[in-house]
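Q: Hey, can you walk me through the pockets in this protein? I'd like to know what they look like and what sits in them.

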Amino acid sequence: MALNVVALAGGVGGSKLVSGLAEILPKGQLTVIANTGDDFEHLGLTICPDLDTLVYTLAGLANPQTGWGRVDETWDFLETLEGFGGPTWFQLGDRDLALHHERTRRLKEGQSLSEITMHVCQALGVSVHLLPMSDHPVRTIVDTYDGELAFQDYFVARRCEPHVKGFHFAGVETASPAPGVMEALSAADLVVLCPSNPWVSLDPILAVKGIRDAVVEKPVVGVSPIVGGKAIKGPAAKMYSELGIQPSALTVVVHYQHILKGVVIDTQDEHLAPDIQALDIQVRVTNTIMTNLQDRMRLAVEVLEFAMDEYTEITTLEE
Ligand code: FO1
């Protein structure tokens, strides 16, 4: 029997588990719904960082140092732009630029973001079904003590320094899920919440009309992006602290308490298991740090086995 898995993912953290799942699951059984709240217009181009991180990772083209952008990149454009005094705070490599340029050109021609994403995946040999959460622009706004900041202004230009008060997702009220999103969720045997930032990577996806309600109907297993009270990458722990919440794997579980049936936490956080179980959420404890493809695959197998052990409606993986 086929196991249909839908993964909700942001950028660097999410793409690691997604690439492990893609290695393990037979072709056609993995759909990834990507956050597009990080998207923005820059230098006249539409940039979709999380979608691109997922595409490059799945294509084996991601920059291993940063996790975003392309491996074997050159920077002639950016260096030349700097010479003209242009804006270089957001680093766009020459090869990466080609993708932003082509996406922008196709958007102007009237193609949708999901159509363009499918085309890019085909061109780069990515067979995973990768979908933006919506074809409509949704923009994450970080409400800080320095005022409201567009996500990339907060994240890259301001290096996550401003103290966070909250978040909202501009445009989400009128955005509908991209074609294929609701169908994939309806056909899913399992939904995986990747180890992405709950506030700015997964919450935007769940805020799109209909997605949270469809997810709640399914067995949902998450992997905590917070290990030992610290985010594996990015500002998730800092955000929790600034919002007055102690960052921990337990906090992440509480964040998704009404969605999760099970969670995979790191061995460092084993002591939190009883508190999580008290919320009626099952726990699997393992090493969740992914430093290479072997780690990603092992964690993907653990997530799938955990889900299959816990939920009798999920039977067996097709060989
Ligand atoms: N992140 C940075 O911290 N600095 C950058 O200059 C930067 C450039 C960049 C270019 C293309 C791309 O797809 C992603 C890029 N990112 C950069 C990552 C991006 O900000 C992501 O939104 C975050 O990693 C959060 O997911």
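Q: Okay, how much space lies in the largest pocket?
A: About 870 Å³. Keep in mind that this is a predicted model, and the volume is computed from it.

Q: Which residues lie nearest the centre of the largest pocket?
A: Those are Val 12, Asp 50, Trp 68, Phe 155 and Lys 233. They belong to a lining of 43 residues.

Q: And which helices supply at least two residues each to that lining?
A: Helix H1 (12-24), H2, helix H4 (94-109), H6 and helix H8 (198-207) each do that. H2 gives the most to the lining of the largest pocket, with five residues.

Q: How does the lining of the largest pocket divide into nonpolar, polar and charged?
A: You get 21 nonpolar, 16 polar and six charged residues.

Q: How many residues surround the ligand?
A: There are 13. The closest are Asp 38, Asp 50, Phe 90, Gln 91 and Gln 152. Asp 50 shows up again here: that residue is also one of those nearest the centre of the largest pocket.

Q: What lies 3.0 Å from an oxygen atom of the ligand?
A: A polar side-chain atom of Asp 38. For Asp 50, an N or O atom in the side chain is 2.8 Å from an oxygen atom of the ligand. Gln 152 also has a side-chain N or O atom 2.8 Å from an oxygen atom of the ligand.

Q: How much of the ligand's exposed area does the protein bury?
A: The ligand taken alone exposes 530 Å², and the protein buries 89% of that.

Q: Which helix gives the most to the shell around the ligand?
A: H6 does, with four residues. Helix H2 (49-58) and helix H6 (151-157) each supply at least two residues of that shell.

Q: How many residues of each class does the shell around the ligand have?
A: By class, the shell has eight nonpolar, two polar and three charged residues.

Q: Switching topic: what volume does the second largest pocket have?
A: About 400 Å³. The second largest pocket is lined by 26 residues, and nearest its centre are Ser 19, Thr 57, Gly 60, Ala 62 and Arg 296.

Q: Which helix gives the most to the lining of the second largest pocket?
A: That's H1, with six residues. H1, H2 and helix H13 (293-310) each supply at least two residues of this lining.

Q: And how many of its lining residues are nonpolar, polar or charged?
A: The second largest pocket has ten nonpolar, twelve polar and four charged residues in its lining.

Q: Last topic, cavities. How many of 30 Å³ or more are there?
A: The count comes to three. The largest cavity has a volume of about 60 Å³.

Q: Which residues line the largest cavity?
A: Among them are Leu 193, Cys 194, Ser 196, Leu 202, Gly 222, Pro 225 and Tyr 256.

Q: How many charged residues does that lining have?
A: None: the lining of the largest cavity has nine nonpolar and three polar residues, with no charged ones.

Definitions and conventions. Residues numbered from 1 in each chain as written. Predicted model: local features only at pLDDT ≥ 70, side-chain atom pairs only at ≥ 80, totals over all residues. Heavy atoms only, no water. Near = heavy atom within 4 Å. Polar contact = N/O pair within 3.5 Å; in protein donor to acceptor, adjacent residues only side chain to side chain. Areas by Shrake-Rupley, 256 points an atom, 1.4 Å probe, with all protein chains shown as cover. Nonpolar A, V, L, I, M, F, W, Y, C, P; charged D, E, K, R; others polar. 1 Å grid on protein atoms, 1.4 Å probe; cavity = no way out; pocket = protein on both sides within 12 Å on 5 of 7 lines; lining within 4 Å. Points joined across faces, edges and corners; volume = space filled by probe spheres on them.
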